[in-house]
Amino acid sequence: MARIYLDHAAALPVDYRVFEFAKPYLTTLHGNPSSLHSVGVEAKQAVEESRQKIAKFIHAENESTIIFTGSATEANNLAVKGTALRNITSGKTVVASAIEHMSVLNPMKELQKNGFSFTTIPVDSTGIVDLNKLEDMLTKTTTLTSVMYANNEIGTVEPIREISNIVREKGMYLHVDAVAAAGRIPIDVQKDGIDLLTLSSNDLYGPQGAGALYVKPGVRLQSVLLGGGQERGLRSGTENVFAIAGMGEAARIVQEEITQESSRLIPIRDTLINEILKIEQSYLTGHPTQRLPHHASFRFSSIEGESILLNMDMYDIQVSTGSACSSKTLEPSHVLLAIGLKHEEAHGSMVLTLGRSTTMDNVEPVSKATYETVQRLRKLSPLDQEWRK
Ligand code: PMP
């Protein structure tokens with residue numbers, strides 16, 4: 001059986017059109033954008049052209065709102081620490097949804113060492129942020145609220161416009177991590193009322209090694225990485241021209257194909273969900289309808305996600321058990337705990353993220369492999385025998 005890769009939230013292949021477009025920046029057009037000679041100027045042009053494409057992709061006011069970074073993690077760190085530290089005279093309170101990526105939660109936790117207060121906004125059992133609680137939590141001293149556009153582990157899409165209305169009325173800045181959502185659902189930072197937004201190149205089928213932070217005009221931010229003053233002094237370090245040029249082209253292509261690709265993936269996702277939920281004691285995690293077009297996530301009673309992942313790999317089907325970034329720890333996912341699952345329930349998760357290589361023909365072998373995997377693991381599980389008594 002041919003390989004079926006269903007872990008597109010962890011890593012994507014670079015689009016061959018993007019690779020062809022950006023390849024010269026690894027070889028012939030190898031300049032440093034800060035150099036004043038013609039080779040440097042060519043590299044600078046590539047970075048600026050990409051900045052325009054990214055600005056267009058999220059409907060930003062202009063291209064100078066885009067700051068390139070080395071990754072989404074770095075963009076999240078810049079958003080959190082950069083705004084909190086720069087606006088310290090307005091307050092020392094930051095809040096984030098309980099299901100944010102660790103690259104938002106950990107910088108916020110670190111701010112506590114500098115005397116900041118950090119609280120998390122609870123979510124309901126489908127992963128939607130509790131808007132009433134958000135409204136109660138925000139005060140005049142809340143300088144940053146961070147809520148992701150959509151969650152990478154459970155696929156839930158947050159009501160960003162309602163959230164931004166609340167933040168605008170009661171707090172200061174809204175940061176949105178759009179890594180999981182970008183390229184899957186259209187994003188308009190102006191209509192959505194977003195102050196800062198994080199993007200990742202690879203999640204758009206671009207090269208690894210580039211991320212971007214949108215910073216709305218007027219938002220006060222300070223650098224967290226000091227050096228030669230690149231990127232308007234907000235992110236020093238020589239630009240990764242290959243990855244940045246590729247990121248812009250990837251965003252342009254993804255934007256052109258977004259409607260068609262979503263309409264293609266939704267029926268595949270829904271058929272997969274229907275088939276897999278036929279397994280006894282299996283449950284969908286995340287929102288049943290407000291979810292990303294390429295995302296299907298489950299939990300199965302009495303078994304472990306890590307064993308599911310390794311068993312599925314024996315069929316040459318690659319899945320995830322939650323966040324690849326922290327899956328080396330055997331701790332249950334903070335996202336699954338935040339939606340109210342007990343520890344033992346949160347352990348049995350499987351996340352399928354579809355992509356350009358996924359077809360309807362994959363549904364049957366994936367469902368069959370999942371069924372066989374779950375049966376096999378349950379036979380070995382003392383918890384399952386307990387449940388059957
Ligand atoms: N935010 C979200 C929602 C993510 O899923 C990830 C991981 N893909 C990140 C941020 C961090 O991305 P990276 O590890 O590429 O920096």
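Buried area is the accessible area (1.4 Å probe) that two parts lose on being put together, summed over both. The structure to which this term is applied here is a predicted model, in which local features need pLDDT of at least 70, side-chain atom pairs count only at pLDDT 80 or more, and totals for chains, interfaces and linings use all residues. Residues are numbered from 1 along each chain as its sequence is written, and side-chain values use heavy atoms, with hydrogens and water left out.

**The two domains.** Begin by colouring 4–11 together with 258–388 as domain 1, and 16–253 as domain 2; these bounds come from an automatic or database domain assignment. Their C-alpha centres lie 28 Å apart. Contact (heavy atoms within 4.5 Å) takes 28 residues from domain 1 and 32 residues from domain 2.

**The interface.** Next, display the surface between the domains. About 2,300 Å² is buried between domain 1 and domain 2, and carbon and sulfur atoms give 59% of that area. Across this interface, 11 residue pairs are in polar contact, both residues being at pLDDT 80 or more; a polar contact is a pair of N or O atoms within 3.5 Å, and within protein one must be able to donate a hydrogen and the other to accept it, while residues adjacent in sequence count only if both atoms are side-chain atoms.

**The ligand.** A polar side-chain atom of Thr73 is placed 2.6 Å from a ligand oxygen atom, and a backbone N or O atom of Ala72 lies 3.5 Å from an oxygen atom of the ligand. At Asp177, a polar side-chain atom lies 2.6 Å from a nitrogen atom of the ligand.
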